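Hi,

Here is the structure I said I would pass on.

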Amino acid sequence: MSAIDNKLIDRLRKAKKVAVLTGAGISAESGVPTFRGNDGLWKKFRAEELATVDAFMDNPALVWEWYLFRRDLMSKVEPNPGHYALVELENLFNDFTLITQNVDGLHRRAGSKNILELHGNITLNKCFDCGKAFEGTVDISLGELPKCACGGKIRPDVVWFGELLPAAAINKAFEASQEAEVFLSIGTSAIVHPAASLPVEAKRHGACLVEINLDPTPLTALADYAYQGKSGEILPQIVERLKS
Ligand code: APR
């Protein structure tokens, strides 16, 4: 594994504003499958085939089966050292924004505070038609899917391909990225927009761009520091160096 560069530690020590973008890779060491890795398929379906309005209109039960499977899996996993290192990192800076594409809620469970969940939260439901939050449980074994008082079908409160991101969250994310002196992109394949634009935007506004990922991504060439490895191993090293 690569040692952490002294210059990066110096840059972080001087920084007042830090922003972080995380993707499925940070939760991989907790046992949550990524979307585009070898473990990314579910019953031969890719995420792009299930996480869409069209898929839900065609076969809501199948889409719900996938979400209930993931919801169950995510309820049984725990945050890993990568999540906890980001909690420690937040405590070292006055202005720290954690932007995540993950819907698993593991950052919150680890103790991170200033979190922007760009793609929603898998534990929540809402009405497909009117958007009202639905508190009840969804049990597909009952044969009929729950409906809202307005008659609309209940769906998971996550952002699907082709849908707009929650405006307040994405606006704040762009603002934090543009203002960040150091921006860390962690465990994301950096191909799904608009989230993938955030590191580019940060760099364009002068941030030092750091990538931590198992594999190279379209961002790697743009990064000032690219660490290829597990976020649960590299992030704690950065925190230790900052604290020493
Ligand atoms: N540490 C660091 N990186 C890792 C680790 C790890 N332990 N394990 C996997 N990775 C990397 C993979 O190499 C890959 O580049 O994490 C990345 C995960 O990429 P994706 O599966 O594409 O996940 P993500 O970037 O979060 O996907 C974006 O796509 O399907 C949608 O809405 C979904 O939010 C998701 C979005």
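Predicted model: local features only at pLDDT ≥ 70, side-chain atom pairs only at ≥ 80, totals over all residues.

A169, I170, A173, A176 and S177 are the buried residues of α8, where buried means under 20% relative accessible area, exposed over 50% and partly exposed in between (1.4 Å probe, protein chains only). Those residues cover an arc of only 125° around the axis, which puts them on the same side of α8; the arc is that of the directions from the helix axis to the C-beta atoms. As a reminder, an α-helix has 3.6 residues a turn, so residues three or four places apart point the same way. On the other side of α8, A168 and K172 are exposed.

Residues are numbered from 1 along each chain as its sequence is written, and side-chain values use heavy atoms, with hydrogens and water left out. Helices (H or I, at least four residues) and strands (E, at least two) are DSSP runs, numbered from the N terminus.

What do the buried residues of α8 pack against? Their partners are β1 (17-22), β2 (95-100), β3 (115-117), β7 (182-186) and α9 (197-204), with contact meaning heavy atoms within 4.5 Å. The length of α8 (residues 167-179) checks out too: at 1.5 Å a residue its 13 residues should span 18 Å, and the end C-alpha atoms are 18 Å apart, which agrees. The expected span is 1.5 Å times one less than the number of residues.

**The sheet**

Six strands make an open sheet with parallel pairing, in the order β3-β2-β1-β7-β8-β9; two strands pair if DSSP finds at least two bridges between them. β3 and β9 (225-228) stand at the edges with a single partner strand each, so one side of each has no neighbour in the sheet. From one strand to the next, the twist averages 15°.

Strand by strand:
- β1 and β2 are parallel and pair over six bridges, and A19 has T97 in β2 as its bridge partner.
- β2 and β3 also run parallel, joined by three bridges; I99 is partnered by L116 in β3.
- β7 pairs with β8 (residues 208-213) in the parallel sense over five bridges, and I186 stands opposite I212 in β8.

Five of the six residues of β2 are buried, so β2 is largely enclosed by the rest of the structure. Helix α10 (residues 231-243) lies across β7, β8 and β9, at about 140° to β8. Axes here are lines fitted to C-alpha atoms, for helices over the stretch in contact, and angles run from 0 to 180 degrees between N-to-C directions.

**Elsewhere in the chain**

S112 is in the loop between α7 (106-110) and β3. Is S112 buried or exposed? At 5% relative accessibility, S112 counts as buried. Neighbours within four places aside, S112 touches L86, V87, E90, L98 and H107.

Helix α5 has buried residues that include W64, W66 and Y67. The buried residues of α5 pack against α3 (47-50), α4 (53-58), α7, β4 (120-127) and β6 (154-158).

Overall, the chain has ten helices and nine strands, and buried residues make up 50% of its 244 residues.

Cheers
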